[in-house]
Amino acid sequence: MTATALNELGVREIWAKAGSRQHVEALTRLGVGRIIQPEHEAGLAMAGEILRR
């Protein structure tokens, strides 16, 4: 709802945190420019670290 309100106010750059793939899809449809997924990004970083060992 916040992303929708910010869009209506004319905010040009919106960042938001998503907790699931469905949340990412909804935020994308609302025009959010940067979607942050800390848990997903940390998981990818850890997997990359494990694979480099």
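My entries below go from the whole chain down to single residues.

**Ground rules.** I'm looking at a predicted model, where local features need pLDDT of at least 70, side-chain atom pairs count only at pLDDT 80 or more, and totals for chains, interfaces and linings use all residues. Residues are numbered from 1 along each chain as its sequence is written, and side-chain values use heavy atoms, with hydrogens and water left out.

**Elements.** I looked up the secondary structure and found three helices and two strands in the protein chain. Starting at the N terminus, I read the order as α-β-α-β-α. Helices (H or I, at least four residues) and strands (E, at least two) are DSSP runs, numbered from the N terminus.

**Overall form.** I checked the radius of gyration, which is 14 Å for the protein chain, while a compact globule of 53 residues would have one near 10 Å. That radius is taken over C-alpha atoms, and the globule rule is 2.2 Å times the number of residues to the power 0.38. I also noted the box that the C-alpha atoms fill: roughly 50 × 20 × 15 Å along the principal axes.

Of the 53 residues in the protein chain, 19% are buried. Here buried means under 20% relative accessible area, exposed over 50%, and partly exposed in between (1.4 Å probe, protein chains only). Next I took the contacts (heavy atoms within 4.5 Å). Among those between residues at least 6 apart in sequence, 13% join residues at least 24 apart.

**Core.** Which residues make up the largest nonpolar core? I listed eight: Ala3, Ile14, Ala16, Ala18, Val24, Leu27, Val32 and Ile35. A nonpolar core is a set of buried Ala, Val, Leu, Ile, Met, Phe, Trp, Tyr and Cys residues joined through side-chain atoms within 4.5 Å.

**Val32.** I found this residue in the loop between α2 (21-29) and β2. Val32 counts as buried because its relative accessible area is 8%. Leaving out neighbours within four places in sequence, Val32 is in contact with Ala3, Ile14, Trp15, Ala16 and Leu27.

Gln37 is in the loop between β2 (34-36) and α3 (38-52). Is Gln37 buried or exposed? I have it down as buried, since its relative accessible area is 18%. Setting aside neighbours within four places in sequence, Gln37 is in contact with Ala18, Ser20 and Val24.

**Gly10.** I placed Gly10 in the loop between α1 (2-9) and β1 (15-17). Its relative accessibility is 47%, so Gly10 counts as partly exposed. From Gly10 to Ile36 I noted 26 residues in sequence and 21 Å in space, C-alpha to C-alpha.

**Ala47.** Last stop: Ala47, in helix α3. Ala47 is partly exposed because its relative accessibility is 35%. Ala47 and Val24 are 23 residues apart in sequence, with 21 Å between their C-alpha atoms.
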